[in-house]
Amino acid sequence: MKDRSLTLVKFLLVDDLEENLVALEALLRRDGLEILKAKSGRQALELLLVHDVALALIDVHMPDIDGFELAELMRGTVRTRTVPIIFVTAESSEEHRVFQGYDAGAVDFLHKPVDPRILRHKTETFFQLERQRLQLAETLRLNETFVAAVGHDLRNPLSAILTAAQLLEMTATDDRTRLTASRLRSSGKRMSAIIDDLFDLARVRLGGGITIEPDETDLLAVAQRVVSEHQQANPRRLFEVRPAGDLRGEWDHRRLEQVLSNLIGNAERHGVTDAPITVRLDGEHEEVAFSVHNRGTIPPDVLPALFDPFRSGREKASREGLGLGLFIVRQVIEAHGGSVDVTSTDEDGTTVGIRLPRRSKRDSTRSSLA
Ligand SMILES: Nc1ncnc2c1ncn2[C@@H]1O[C@H](COP(=O)(O)OP(=O)(O)OP(=O)(O)O)[C@@H](O)[C@H]1O
Ligand SMILES: [Mg+2]
């Protein structure tokens, strides 16, 4: 069943007089609209903390915090900065009072006694716009849920295919079969990585963020494991691992493997093929850093949206990948409390650098998309 509260538009009414609130509510009441009422600026701010409102109708004359002061407080907070405001005033002279915050969001005035037709007219656009926005968000949410569900259901049959391919590769008696089985396995692994990426994306979009389970981890061992896997799949490529200092810390080792595998995969697929790929690990300071370097540059048109899902490399997405890799890398690293930095120049090639606090807190972030 569709949750109706997800597509309910909310208006906030603020007036210190109960009878005014009741009268305004009666005039505005309609299907699909939830009306929140506050009798003071303070109450209004409390409601705004928990509700996303499409419009605030604010009485100018109120004891304690008056309408303009409330509006200024709203404009000062990111969450409520752009909420459209209609001031309800008794005198038109009040419109001239200086109000800091016209630029941030729509502002209008209504005069008492409120004319029902003008009220309807002024509020209708806000209602319709918000309704469309909510419906779109709901469609997107369903879409992400669908991706997550399909991804989940594809995993089991795929893992059966991978196991069968591995068995075939090990038991094959002729080179041709062995090669075919090996190709089958590497394509299957790639597909499995794509499903994992889609799954992560859906989780981030659904608001859960990427969760991490930090444990005692040796970053050098992680790097060696990942590099040797890539070396096996790509024997002709030259890989270098350059460790320094103490590389032990508290991180989610599976997630770090995913990050390194993504970065090395990028270097293999997008970098210059006959140059080495270098993984540097630096544990000489309190913060631990590592980087993956390759020759070749990131195309300039990709750079501005490098960490956006699906945006990068769009024109060749079907051949090269979904464009989710770096997006997920950043989500994982930020969940560890770390940061990602990319440099790409003709002279120095491309380096993706990561910094990590030596100890990460469990679920330290619940990053999500705007
Ligand atoms: N090491 C690199 N060297 C050169 N270009 C890179 C490198 N890493 C990324 N790029 C460029 O940045 C784009 C975005 O990378 P990203 O990992 O996010 O997506 P992708 O590799 O295209 O797809 P996916 O990772 O989902 O398989 C790539 O398509 C490529 O153009
Ligand atoms: Mg990639």
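Me: Two strands pair if DSSP finds at least two bridges between them. How many bridges join strand S1 to S2?

Reply: This is a predicted model, in which local features need pLDDT of at least 70 and side-chain atom pairs count only at pLDDT 80 or more, while totals for chains, interfaces and linings use all residues. Residues are numbered from 1 along each chain as its sequence is written, and chains are lettered from A and ligands numbered from 1 in the order in which they are written. Helices (H or I, at least four residues) and strands (E, at least two) are DSSP runs, numbered from the N terminus. Here strand S1 (residues 9–14) is joined to S2 by six bridges, and the two run parallel. Leu 12 faces Leu 36 in S2.

Me: In what order do the five strands of the open sheet stand?

Reply: In general, strands of a sheet pair through backbone hydrogen bonds, either parallel or antiparallel. In this open sheet the order is S2-S1-S3-S4-S5, with parallel pairing. Strand S2 (33–38) and S5 are the edge strands, each pairing on one side only. On average, neighbouring strands are turned by 20 degrees against each other, direction ignored.

Me: Which strands does helix H1 touch?

Reply: Contact between two residues requires that their C-beta atoms, placed from the backbone, lie within 7 Å. For directions, axes are lines fitted to C-alpha atoms, for helices over the stretch in contact, and angles run from 0 to 180 degrees between N-to-C directions. Helix H1 (residues 18–28) packs on the sheet and touches S1, S2 and S3, its direction making about 170 degrees with that of S2. Helix H3 lies across S1, S3 and strand S4 (85–89), at about 150 degrees to S3.

Me: At what angle do the axes of H6 and H7 cross?

Reply: Angles under 35 degrees count as roughly parallel, over 145 as roughly antiparallel, 65 to 115 as roughly perpendicular and the rest as oblique. The axes of helix H6 (residues 219–233) and helix H7 (residues 253–270) cross at roughly 45 degrees and come within 9 Å. H6 is therefore oblique to H7. The residues of their contact comprise eight nonpolar, three polar and three charged; Ala, Val, Leu, Ile, Met, Phe, Trp, Tyr, Cys and Pro count as nonpolar, Asp, Glu, Lys and Arg as charged, and the others, Gly among them, as polar.

Me: Is Val 279 buried or exposed?

Reply: A residue is buried if 20 or more other C-beta atoms lie within 10 Å of its own, exposed if 12 or fewer, and partly exposed in between, with C-beta atoms placed from the backbone. Val 279 is buried because 23 other C-beta atoms lie within 10 Å. Val 279 belongs to strand S9 (residues 277–283). Among the residues that Val 279 touches, not counting those up to four places away in sequence, are Ala 223, Val 227 and Phe 290. In the protein chain, buried residues make up 28% of the 370 residues.

Me: What is the phi of Asp 64, and which form has the peptide bond from Lys 112 to Pro 113, cis or trans?

Reply: Most residues other than glycine have a negative phi, and most peptide bonds are trans. Asp 64 has a positive phi, near 65 degrees, and is located in the loop between strand S3 (55–59) and helix H3 (67–75). Asp 64 is exposed, because 10 other C-beta atoms lie within 10 Å. The peptide bond from Lys 112 to Pro 113 is cis, with omega near -5 degrees. Pro 113 sits in the loop between strand S5 (107–111) and helix H4 (116–171).
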